[in-house]
Amino acid sequence: MFGLDKKHTNLLLLVAALTMLAPFILNPFPEGSGMAQFNAGYPDLMQRFVIFGIFAIGFNILFGLTGYLSFGHAAFLGVGSYAAMWMMKLLTMNVIPAIAVSIVVAGLFSLLVGWISLRRSGIYFSILTLAFAQMSYALAYSVLTPITGGETGLQPKLQDPRILDGALEAGASPRANLFGLEMTSSFEWSVGSWLFTFNVGYYVAAVAMLLSFYMAIRIFNSPFGMMLRAIKSNQQRMNYTGLNSKPYTLAAFVVSGMYAGLAGGLMVAMDTQVGAERMFWTASGEVVLMTILGGAGTLIGPVLGAGMIKYMENIMSKINETILHQWFAFLPDGIENLLVAMVYPFIGKGWHLTLGLIFMLVVIFLPGGLVEGGQRIARLFKRKKPSSDTPDGKTTPAE
Amino acid sequence: MEAIILQILNGLDKGSAYALIALGLTLIFGTLGVVNFAHGALFMIGAFCAVTLSRLLQLSHTVIDDSQTDFLGNPLKVEVPYLYDIFGQSTGDAIIDWAVPISILFAIPVMIAIGVAMERGLIKHFYKRPHADQILVTFGLAIVLQEIIKYYYGANPIPTPAPDAFRGSFDFGAALGFDPNVIIYPYWRLVYFAFAALIIGGVFAFLQFTTFGMVVRAGMADRETVQLLGINIDKRFTLMFGLAAAVAGLAGVMYTPINSPNYHMGMDFLVLSFVVVVVGGMGSLPGAVLAGFLLGILESFASMREVLEFLPGLNQIIIYLVAIIILLTRPRGLMGRKGVMEE
Amino acid sequence: MGILEVKNVGKRFGGLQALGDVNLSVAENTVHAIIGPNGAGKSTLLNVLVGKLIPDTGSVMFDGKSVLGRKPYEINQMGISRVFQTPEIFGDLSVLENMLIPCFAKRDGAFTPNAFIDMFRDREIVERAEQMLEEMNMADARNDNAATMSRGNKRRLEIGMCLAQEPRLLLLDEPTAGMARADTNNTIDLLKQIKDERDITIAIIEHDMHVVFSLAERITVLAQGTPLVEDTPDKIKGHPKVREAYLGESQDAA
């Protein structure tokens with residue numbers, strides 16, 4: 001289906017089912033129950049899952065396939081966001097032109113940055129991309145304030161021209177919409193003590209992610225994707241096989257920049273604001289973490305990594321000391337306090353510490369990320385019943 | 001002329017910090033071939049050594065002072081540092097006042113221990129792995145280190161003053177025969193520059209004149225050959241890592257009065273220091289020092305009002321801009337050896 | 001007029017004259033060996049031929065066109081394929097994928113952004129790659145990871161990948177270096193078979209005299225950056241100059 005083989009069609013359908021049913025899957029616990037804090041089925045978190053999923057899928061096309069480690073991809077996300085914001089200010093609050101322009105502008109910007117940065121490889125490439133991103137960040141904060149809003153960032157204002165939209169009534173605020181359907185509007189459905197929220201913005205972003213994921217599968221299975229993997233494997237042989245590796249890496253760079261732009265555009269479509277901190281190099285570091293954590297060079301890995309990091313960020317930073325005491329309340333007081341004291345540094349505001357530790361452990365022991373971990377566990381089970389071990393007809397990159 | 005001198009002076013303290021961090025980075029890269037993204041964290045930990053020591057020195061207990069009373073006539077409770085009990089009040093005060101310089105003694109063993117532990121416990125296992133993996137694992141380590149510091153010291157900058165004797169400013173202009181009050185420069189920054197020069201000189205002398213240094217230099221030039229000679233180079237490289245950590249740490253200790261330390265100062269400096277290393281030439285020690293000072297001074301010139309009027313925002317991007325130009329026109333950096341990671 | 005004409009090529013590295021004044025003509029459809037003691041300039045010459053080095057003087061013409069100043073991939077697209085001393089293959093990819101890449105390069109050129117076709121549905125290319133694997137006797141290994149193969153098989157795959165591009169000139173850089181005797185003989189047999197079955201010119205740089213005299217129809221002896229003598233293997237064997245410069249010091253290799 002969709003020009004994919006069976007295995008990849010199944011993968012795509014699985015991801016489609018997961019994203020479409022996310023409001024149910026992420027809300028397994030009834031409201032008001034003790035476990036409700038693990039629910040993640042509310043709109044802005046679900047939006048972040050899929051948007052960062054897109055960002056990581058794109059980053060993976062560059063890093064996972066070619067091995068070029070960019071430390072500046074947040075710049076493309078930021079540029080995409082600014083471009084989308086200006087579309088909303090000048091043209092219309094409809095998200096379609098905003099998103100389209102964010103992809104195009106980020107693509108052009110990544111073409112420029114990539115064209116220069118890709119003259120070098122290895123650590124030099126990483127530092128060049130980092131330098132570009134930091135420059136963009138610094139400029140967005142200072143000189144480019146008329147375009148970027150500087151420290152305050154940008155929001156759509158009532159008096160913006162928006163030539164395609166009718167004038168808003170005084171006091172009304174401009175809202176992002178898809179042909180009139182507002183991004184922030186939600187349909188809530190309560191079943192017993194469960195409450196499920198279906199948010200328009202989330203579904204717009206989810207469809208964008210499914211398209212992105214589908215494109216990534218196509219790229220992975222195409223001759224182009226194979227050439228990118230060949231670059232990572234042996235650039236020398238590439239060149240002596242009559243292939244010019246530069247346009248391949250540049251194309252990969254631009255594609256991943258466009259993915260980042262799409263993610264940036266979607267962010268603006270969801271919350272109609274943008275600030276320069278989106279381009280800071282820690283934001284670039286975050287997408288690196290997501291991709292590695294999930295499994296660089298695999299299809300599903302970046303999506304998993306993005307979901308996991310955003311989930312942890314949200315849930316773990318909500319847990320506080322009181323909640324910990326509730327959890328361990330069944331233990332004798334001394335042990336309870338000791339356990340709480342031991343766990344406390346890793347949760348709440350300390351969740352970055354947990355993230356850093358997990359990341360280090362993954363790089364050290366599981367360079368293939370969660371996907372490799374899953375494969376190892378699957379292999380353990382397979383060893384018990386070897387009959388299920390049928391070789392696949394052809395070799396494809398791991399999922 | 002005055003303006004030029006002033007900008008050069010202004011660039012010196014940042015330049016010193018860049019140079020010290022970059023020196024350690026390039027030492028590690030040159031000897032161990034490792035790209036250490038956690039080096040900024042070492043600078044930050046050094047700064048927090050100073051914070052820790054000055055807090056330790058001020059540890060106090062409560063004493064009821066009968067000679068003073070509060071407004072109700074009750075005897076006043078006062079906090080008395082333990083140091084007063086040991087050394088008496090005036091010596092105790094002096095020690096507390098000099099907390100930052102004293103921290104040097106405290107930081108050296110701590111930083112060497114941290115550096116050696118890092119190398120033995122983590123970095124060692126990454127010598128044979130790709131540079132990308134080294135960047136990633138040290139990046140993770142940097143996050144962990146800064147989060148630990150944040151947990152214990154909070155997210156806000158902690159003011160850590162210089163000794164009273166260095167709190168004023170020196171009128172450079174008057175000393176050089178210009179009008180007074182034109183070129184004034186805080187004493188502590190002069191101290192910082194002198195300190196950096198001393199450390200840099202010390203490291204170079206150490207590498208130049210000791211057997212240890214000779215082996216390390218030989219190892220930087222050609223690791224395999226030195227190993228063939230039967231010299232246990234790994235052990236020396238471990239110590240080298242400790243030394244690089246100590247240099248970064250001391251740079252951090254002495255930097256605390258200039259900028260109040262916070263948990264993310266390491267990352268802020270790291271990014272720039274990497275750029276400095278690249279501009280100076282990967283694996284070139286003199287290159288790192290030269291580029292550190294050069295970029296520090298360049299940055300301060302770019303912050304002049306006259307320049308900013310003409311090219312707004314230049315001070316924010318000058319270092320990156322120079323790095324991009326250098327990397328594209330002279331990939332091995334100002335003083336890098338030919339063929340060292342030029343690709 | 002040979003397919004490859006090297007005229008007055010000189011290359012200097014600092015104080016070292018790596019190539020003095022090299023003149024060499026490789027006739028079409030022959031196997032031409034270039035031998036010489038260590039430091040004779042063999043590798044430098046090879047790197048000039050494939051575009052990795054640009055000589056200071058002289059010209060290199062392939063099929064009437066100059067190769068100088070062209071990038072390695074451009075020279076490859078002109079019809080020169082290179083086999084490396086240590087087999088250079090795509091270790092992370094499967095054997096079949098290794099073979100697909102030169103097939104795409106041959107048909108689609110140096111860069112084609114064909115990102116939206118499934119490479120395994122491109123029957124023309126897949127069949128061609130499978131046929132090449134068949135010819136190399138590697139069809140069974142098609143799904144193996146290329147990095148896990150033995151050195152002899154890696155060499156076989158590398159040669160196969162070069163042949164898949166249907167080059168007019170195949171350059172081999174000490175193809176049996178570091179190989180066990182059995183692997184060396186297999187490689188010799190493979191090269192003989194290639195020479196008999198295909199319209200191809202082979203230029204080979206080799207240390208191992210056994211390999212050279214089993215394959216070469218013409219031999220150039222290089223010493224200190226200049227060709228000493230060029231002749232048929234029989235004549236070379238008895239040539240006093242050659243003995244003096246090369247064979248004399250390594251008779252056991254012959």
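Q: How do you know that the length of helix α11 (residues 245–271) of chain A fits its number of residues?
A: Its 27 residues, at 1.5 Å a residue, should span 39 Å, and the end C-alpha atoms are 39 Å apart, so the two agree. The expected span here is 1.5 Å times one less than the number of residues, and a helix is a DSSP run of H or I with at least four residues (a strand is a run of E with at least two), numbered from the N terminus. This is a predicted model: local features need pLDDT of at least 70, side-chain atom pairs need 80 or more, and totals for chains, interfaces and linings use all residues. Residues count from 1 along each chain as its sequence is written, with chains lettered from A and ligands numbered from 1 in the order written.

Q: What makes α11(A) mostly covered?
A: Of its 27 residues, 23 are buried (20 or more other C-beta atoms within 10 Å of a residue's own, with C-beta atoms placed from the backbone). After α11(A) comes A:Thr272, with a positive phi near 45°.

Q: What puts chain A in contact with chain B, and how many residues take part?
A: Contact asks for C-beta atoms, placed from the backbone, within 7 Å; 35 residues of chain A and 32 residues of chain B take part. On the side of chain A that touches chain B, α6(A) has the largest share, 12 residues.

Q: Which residues of chain C and chain A make up their contact?
A: Chain C brings 33 residues and chain A 27. On the chain C side, α3(C) gives the most, with 7 residues.

Technical notes:
Contact = placed C-beta atoms within 7 Å. Buried ≥ 20, exposed ≤ 12 C-beta atoms within 10 Å, placed from the backbone.
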